[in-house]
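Colleague: Hi! Could you walk me through this one? I'm new to it.

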Amino acid sequence: MKERLKVIGPGAIVTASFIGPGTVTTATRAGASFGYAVLWAVVFSIAATMILQEMTARLGIITQSSLGDAIREQFSNPILKYGSMWLVMIAITVGCSAYIAGDLLGTSLGISTLTGIPGNVLGPIVGVIILLLGLSGSYKIVEKVMIVLIVIMSVTFVTTMFVAQPDVGEVLKKAFVPSIPAGSILTIVALIGTTVVPYNLFIHSSTVQERWSKPADLKESRWDIIVSIGVGGLITAAILITSATMIRGIEVESVAELSLQLEPLLGSWAKVFISVGLFAAGLSSAIASPLGAAITIGSVLKWENGMKDRRFKLVFTAVMVIGILSSAIGFEPLDVLLFAQALNGILLPFISIMLLIIMNNKHRLGEYTNSLKANIIGGLVALICTGLGLYSLTDAIRAFVG
């Protein structure tokens, strides 16, 4: 087991990326509003993430090139080629830049709750620390930080779930029996949308190359994916289950409501547990946002030196500066967030379908192309992602116009 745990790495970065303040808040609201009824959406989103991330990791290990490389080289028609490249780069960079302020404010909220120091002071400080981490150019440091943050989130959120003493039979039933309570569709879309994240596919196809380089390594990579993303699913489920058990029927404005309800069980430790968990979630996601933008642009434009490349550091810095300035003034521009959501609505189905096409390219992958079973499962995931993407797009346009 000790040897198996040593292979954990690239998958942990993906997990740390999707467990952010948005996921914590969405899961808390889902549990408070609908109880255990939408827990199945967490199970589906984790399965979908594992399937898509396995494909992109296999691509990175077998070809020693990234998803960005594959998209650029898939089309010979210049309109399709450059149109795909720019759509991916613009959508992911705008999305990462839009969400970074929220990630930093979420991180600072965790510390602010305990210290009383304003979030608009702590946010920029955390941002500068992350900037220095990115400018170090060290993949190993980033990987280790992400793994530590996952451990912290696991301990805090899973512990609070056990303390809450949920109805285990009901939890298991709702986890595997889909239901859509009245008014829950947006929550279901949000739960899946905060887990199946397009830029994580680019991050994973690049980071696996730092660890593995031959077909025999695929087994270790799959183990890394199952364990890391499985733990991410457990964290999200734990938040939803705790919320469903403790604050069912309460309208949630922030995660603070959850700590108040846990006080009879955990006493003064309730605030500490929730604050530490929120801090870890915010920090992990705040690191991943500029990392996702820089890796995506770098892979599409074929920058050779990874995180040490001067251009990589320039993109990382630009996204972080946006986050630092935005968090300093407490600015989360709704229009930009809606625009990012709309772009994500276009990008998620596009990327999932493109990934399926690439994974059936025998010239690129040889005997490691998708099997019929993988294509059927991947096709189903892509179809659902398309539906969710279109729903997310129309919802964003409706909110933007209305």
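Colleague: How many salt bridges does the count come to?

Modeller: The count comes to 10 salt bridges, taking a salt bridge as a side-chain nitrogen of Lys or Arg within 4 Å of a carboxyl oxygen of Asp or Glu. This is a predicted model, where local features need pLDDT of at least 70 and side-chain atom pairs count only at pLDDT 80 or more, while totals for chains, interfaces and linings use all residues. Residues are numbered from 1 along each chain as its sequence is written, and side-chain values use heavy atoms, leaving out hydrogens and water.

Colleague: Which residue forms a salt bridge with Arg311?

Modeller: Asp309 does, with the closest N and O atoms 3.0 Å apart. Salt bridges that share partners also join Asp69, Arg72, Glu73, Lys302 and Arg364 into one network. Within it, Arg72 and Glu73 meet at 3.3 Å, N to O.

Colleague: Is Arg72 buried or exposed?

Modeller: Arg72 is buried, with a relative accessible area of 11%, whereas Glu73 is partly exposed at 40%. Buried means under 20% relative accessible area, exposed over 50%, and partly exposed in between (1.4 Å probe, protein chains only).

Colleague: New topic: which residues make the nonpolar surface patch?

Modeller: Val43, Val168, Leu172, Phe176 and Val177 make this patch of about 480 Å². Helix H9, residues 168-176, gives the most to it, with three residues; helices here are DSSP runs (H or I, at least four residues), numbered from the N terminus.

Colleague: And where is Val177?

Modeller: Val177 is in the loop between H9 and helix H10 (185-193).

Methods:
Patch = residues over 30% accessible without salt bridge, like charges linked within 9 Å, V, L, I, M, F, W, Y side chains within 5 Å. Areas by Shrake-Rupley, 256 points an atom, 1.4 Å probe, with all protein chains shown as cover. Helix = DSSP H or I, 4+ residues; strand = E, 2+ residues; numbered from the N terminus.
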